[in-house]
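Hi everyone, thanks for making time this morning.

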Amino acid sequence: MTILQSASNVLRLMVGKGRPLTVSEVAEGLALPKSSTSRLLKQMLECDLLERDRVTLSYGPALLMLELGRLVQASTPILQRMEQELEALVQATGHTGYISVLDETKHNVVVLRVFHGRHALRVVTDPGQRGIASRTSTGHALLARLDDSVIDAAFGGEPAADDGPGAPSLAQLKRRLQRVRRQGWASALNESLPDVGSVSCAVGSPASGETWAFCLSFPAALAEQQGFLEGLAEPLVQSARALGQAAGDPAWQATAPTASRSAD
């Protein structure tokens with residue numbers, strides 16, 4: 001194994017652990033002799049890849065690595081990063097993931113990407129298909145980003161034909177959007193599709209003016225388990241926060257919401 005491969009393995013181990021590591025922890029994690037691990041970490045320290053805490057003696061990424069991380073974030077389009085984040089969430093949870101946008105009327109969401117999970121769903125929506133924005137979690141996540149004046153203009157008149165029977169009233173819709181703004185995520189159960197639920201977050205790019213919602217979809221019966229929705233929303237919120245802060249999205253710059261459920 002080359003020194004570059006070994007250094008790469010050290011960095012991957014730190015990413016996986018999410019914190020600085022001691023010589024013993026690296027040696028154990030990579031199944032290497034402690035003496036060899038110590039030499040490797042010192043070499044990485046000398047090359048400005050790592051820095052060492054004088055108190056804990058643990059090794060962590062140096063400023064050079066942090067700057068490289070910022071460069072990667074800045075050079076990767078937000079939609080591409082969202083695809084990467086969602087694909088990882090689908091792999092971790094087994095649920096189906098979607099990325100969607102609002103159409104120009106604000107009444108529909110259009111599916112852009114689908115990531116199939118391990119858990120079977122009765123219905124899977126294909127890219128290009130439309131859903132009723134007022135009855136989907138992705139629609140709520142996207143509509144919540146708009147001013148109330150825009151919501152009034154889009155939904156305050158006669159119901160759109162696309163909204164279908166059972167669509168919420170303007171007042172009901174606005175209450176739900178307020179909840180989404182408070183908690184940072186949206187949910188829907190048996191609304192757009194029978195026996196299907198989903199949780200969603202939205203992220204916008206000030207540079208392009210575009211906004212996307214990404215969601216995890218699951219059999220609605222799972223939501224009967226206590227804490228299921230909040231547990232599924234938490235990693236989604238974390239991903240949205242990271243994406244939004246990298247993109248300069250004002251909605252994710254302030255103290256981010258947590259995945260607790262708010263009352264209507």
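Predicted model: local features only at pLDDT ≥ 70, side-chain atom pairs only at ≥ 80, totals over all residues.

Let's begin with the cysteines. How many disulfides does a search of the whole structure find? The count is zero. Cys47 has 52% relative accessibility, which counts as exposed because the cut-off for that is over 50%. Cys215, on the other hand, is buried, at 4% relative accessibility.

Now to the charged side chains. Over the whole structure, the search turns up seven salt bridges, and I've picked some of them to show you.

Take Glu83 and Arg113, whose side chains form a salt bridge with an N to O distance of 2.4 Å. Glu83 belongs to helix 5, residues 78–93, while Arg113 belongs to strand 4, residues 108–115, so this pair ties together parts that are 30 residues apart in sequence. Arg113 itself is partly exposed, with 33% relative accessibility.

Next, please find Arg130 and Asp103, a salt bridge at 2.8 Å, N to O. Here too distant parts of the chain are linked: Arg130 is in strand 5, residues 130–132, and Asp103 is in the loop between strand 3 and strand 4, 27 residues apart. Which of the two is buried, and which is exposed? Arg130 is exposed, with a relative accessible area of 51%, whereas Asp103 is buried at 7%.

Another pair is Asp148 with Arg181, at 3.3 Å, N to O. This one connects helix 7, residues 148–155, with helix 8, residues 170–183, and the two residues are 33 apart. Asp148 is partly exposed at 29% relative accessibility, and Arg181 is partly exposed at 29% as well.

Finally, let's turn to strand 8, which covers residues 210–219. Seven of its ten residues are buried, so I'd call this strand mostly covered. Which strands does it pair with? On one hand there is strand 3, antiparallel to strand 8 and joined to it by five bridges; Gly97, for instance, has Leu216 as its bridge partner in strand 8. Then there is strand 7, residues 196–205, also antiparallel, with ten bridges to strand 8. Ser205 is bridged to Glu210 there. Strands 7 and 8 make a hairpin with four residues between them, and in that turn Gly209 has a positive phi of about 80°.

That's my tour, and I'm happy to go back to any part of it.

Technical notes
Residues numbered from 1 in each chain as written. Heavy atoms only, no water. Disulfide = S-S within 2.5 Å. Buried < 20%, exposed > 50% of the residue type's maximum accessible area, 1.4 Å probe, protein only. Salt bridge = Lys/Arg side-chain N within 4 Å of Asp/Glu carboxyl O. Pairing = 2+ DSSP bridges.
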